[in-house]
Amino acid sequence: MEDAKAMAAVCNGCHGPLLSSPLSPPLLHNQPADQLFTKLITYKTGQLEGTLMNRIAKGYSKEQLRAIANVLASTTSPSSTP
Ligand code: HEC
């Protein structure tokens, strides 16, 4: 689980409210885990096209994306994001 938290922290580099990139990606906390996971898989397989997320999602295994989705979904506010 610690690994998943570290991986989710990378996501917050762009998706977090304070460090968000100029692209202003959507905030991820409070989205249900299944919804996040499904989106990540569709990015990974290329069914959903984004500017960056396809490349990012390809860098993780299905199992890792599942774990990351679980961590992000269990985060209730941006400030408590790992
Ligand atoms: C370099 C910045 C960056 C990083 C790092 C990043 N994202 Fe994203 N993310 C984006 C952008 C920009 C979008 C909007 C879609 C696009 O252009 O690819 C997005 C879209 C998404 C979406 C769709 C959100 C929605 O509500 O439609 C999900 C889910 C997502 N990212 C998850 C993640 C996860 C999980 C990680 C960490 C493994 C991550 N992102 C890391 C920039 C980033």
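Tutor: Let's begin with a term: a residue counts as buried if 20 or more other C-beta atoms lie within 10 Å of its own. Keep in mind that the model here is predicted.

Student: Okay, which residues of helix 4 are buried?

Tutor: They are L65, A67, I68, A69, V71 and L72. Here's a general idea to go with that list. An α-helix has 3.6 residues a turn, so residues three or four places apart point the same way. Now look for that spacing in the list yourself.

Student: Which residues of the largest nonpolar core touch the most other members?

Tutor: That core has 14 residues, and L36, L40, L65, I68, A69 and L72 touch the most other members. At least two core residues come from each of helix 1 (2-15), helix 2 (33-45) and helix 4 (62-73). Helix 4 gives the most, with six.

Student: Take L36. What is it in contact with, leaving aside neighbours within four places in sequence?

Tutor: L36 is then in contact with L28, Q31, A69, L72 and A73.

Student: Last one: which residues come nearest the ligand?

Tutor: Of the 20 around it, C11, C14, P25, G50 and T51 do. Helix 1, helix 2 and helix 3 each give two or more residues to this shell, and helix 1 gives the most, with six. By class, the shell has 14 nonpolar, five polar and one charged residues.

Terms used. Residues numbered from 1 in each chain as written. Predicted model: local features only at pLDDT ≥ 70, side-chain atom pairs only at ≥ 80, totals over all residues. Core = buried A, V, L, I, M, F, W, Y, C linked by C-beta atoms within 7 Å. Buried ≥ 20, exposed ≤ 12 C-beta atoms within 10 Å, placed from the backbone. Helix = DSSP H or I, 4+ residues; strand = E, 2+ residues; numbered from the N terminus. Contact = placed C-beta atoms within 7 Å. Near = placed C-beta within 6 Å. Nonpolar A, V, L, I, M, F, W, Y, C, P; charged D, E, K, R; others polar.
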